[in-house]
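Please read it with the structure at hand.

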Amino acid sequence: MCGISAVVGQKNIVPILFESIKNLEYRGYDSCGMAVIHEGKLAWRKNTGGVDEVNKKEHLTGMQGRTGIAHTRWATHGRVDALNAHPHLSSDGLFAIVHNGIFNNYQALRQELEAKGIVFLSQTDTEVLAHLIGLAFQEFGQVEPALLAALERVEGTYAVALTTPLEPERLYAVRKGSPLVLGFGEGIQFAASDVNAFLPYTRSALFMDDGEYAVLTHDSWQVRRMADSTPVEKSPVHIEWDAETSRKGGYSHYMLKEIFDQPLTITNAMNIPRQEIISLVEMIRQAGTTYLVGVGTTYYVAMVGQYLCSQLAGRYIPVVSSDEFYELGVVAPGDLVIALSQSGETYDTRMAVQFAKDRKAHTACIVNVMGSTLSRMVDQVIMQGSGPEICVVSTKAAIAQMVILMRAAMELGLSEGHLTEESYRDIHKALGEFPQVLQKTLNELSGFVRNLAEKAEDYQNWLFMGRGIYYPIAMEAALKMKEVTYLHVEGLPAGFLKHGTLAMVDSRMASLFFIPPPESRELHKQTLAALEEVKARSGPVFGLMFQGDTQSAQVLDHYVELPQVPAAMAPFMELVVAQVFSYFSALRLGRSIDKPRNLAKSVTVG
Ligand code: F6R
């Protein structure tokens, strides 16, 4: 799981190559490196740390060249050290490669190569391919056939970029199972893991498919098939995102910017044509069983969708974490699997969709990244249009997906006679007005949420609890809090508490309750009952609640009071406020908020 970038231009491309890999840093950030061709020679530098840190150690920006490749790593094979950082070179020093993905058969190949006397410098799977290319070149005497012959030996998923002084004006980039996109600028061409790498330079992009490779020079490009080297006819697309929306725009962190982007993200989700939502709903109506799948945050989004379908459409939809789908899904022809993914590249979710396709089920996805693998695998795509999400932890993409699922549940309810026209209109109106209310809340309440985070700073252990739809909201909020604070935070259904978890509660175990508005009578009552259980055991109780809820105000130790919103919007409002709470808690702890330790943005490996 890594980011790769390759650039070929008319002039020195090093500053651009450096910027491109910095733009991909969220994909992995434990080490990085670059290789460039300068005056007919291969030069490379690499080390551990984030891109800026490695630049300080190795002075990457001091290199020069018109052709180069770069890599930012999230270790899978081999510990984090300078030797395992990419690029990796063939033993003749003629070929440098960067790689995202995994070569499954690398151990057998390594043994074979070692038996031939090749000395390995790293523990990575990638180095195997570098040596295979070097050996194949001895046989073929040409770069392209050598690359293809070497690739035939490796099994697994990959995107690879290659540079060599043998062809100093040319780059090769190959895709099989890991994302790769080309970018075409004026006198400069790119190949990268995603478009963020080159958005400041061009918005003309081409998404490669599995089994294809690209040959790039500063003023030409061609995509060819790995199987027989024949050209593939493809046209570039225009990327709507601009570089500015990818930047922090004055916020101290991407996480905060993206939390504040949410009113716009919701508006964009509301602007998706109704017909697209109805088409998805028609698929659900015609399908046997419909599954919702996602993993991490998108799993919790799917759970929110599940509650919405039960409540608004009277339809129970099974939700399975993508990584478990293989074990749990009982998929038959005519069933439907709807996958949720911000990146559209998550391995587990892609595999869940593949599992469904293999069983002749229909597939659909709600996804944020245009041209992503998932979006090209399924029968129907809903592009959520949330704009680039750079912070490793997902915020704005998740809320947009929840809104889209709410719209789908409403359409399903309406078409099946479970929801009246009037209720449909009421919720639609509430959704339409919500972005403005949310914007105001973010502007006016963030200070209060920061104060709540201050009161929370003594606690190392947390329970986040809610009932009904507030349960997946609490789960997602707990995941956010874990990711950015590294604290022990458990999300659970508030009703579950007395069935075991209560044993953990004492004065050092804090709880955060997601309290529905008082008009959700039963849910409100049940949530407060759990709150009382904690309080009776001296557990400190924090809460998110709505104005006018005097009962909660009396029992909570600390709370933030949110403006009244229609009941259907209340869970979304609490989720956003909980994101802000996690952000300020992490800020007080001095955490690496946009790039928490041990994580990576899109997990493209299994
Ligand atoms: C959490 C987070 C992850 C992702 C998960 C799926 O903040 O970002 O849990 O939600 O890895 O990623 P996508 O949505 O890209 O498929």
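In this predicted model, strands β22 (residues 509–514) and β23 (residues 541–546) run parallel and are joined by four bridges. Within this pairing, Phe514 stands opposite Leu544 of β23. Helix α18 (residues 570–589) packs on the sheet, where it touches β20 (461–466), β22, β23 and β24; the direction of α18 makes about 135° with that of β23. Helix α14 (residues 421–455) lies across β23 and β24 and runs at about 165° to β24.

The sheet as a whole is open and consists of five strands with parallel pairing, in the order β21-β20-β22-β23-β24. Because β21 (488–493) and β24 (558–562) stand at the edges, each with a single partner strand, one side of each is left without a neighbour in the sheet. From one strand to the next, the twist averages 15°.

Antiparallel pairing is found around strand β12 (residues 212–217). Five bridges join β12 to β8 (residues 171–176), and these two strands run antiparallel; Arg175 has Glu212 of β12 as its bridge partner. Strand β13 (residues 220–225) is also antiparallel to β12, with six bridges between them, and Ala214 stands opposite Val223 in β13. Two residues lie between β12 and β13, which form a hairpin.

In a regular strand, side chains alternate between the two faces of the sheet. In β12, Glu212, Ala214 and Leu216 point one way, whereas Tyr213, Val215 and Thr217 point the other way. Are these residues buried or exposed? All are buried, and β12 is accordingly described as mostly covered, with six of its six residues buried.

Definitions and conventions. Residues numbered from 1 in each chain as written. Predicted model: local features only at pLDDT ≥ 70, side-chain atom pairs only at ≥ 80, totals over all residues. Heavy atoms only, no water. Buried < 20%, exposed > 50% of the residue type's maximum accessible area, 1.4 Å probe, protein only. Pairing = 2+ DSSP bridges. Axes fitted to C-alpha atoms, helices over the stretch in contact; angles between N-to-C directions. Contact = heavy atoms within 4.5 Å.
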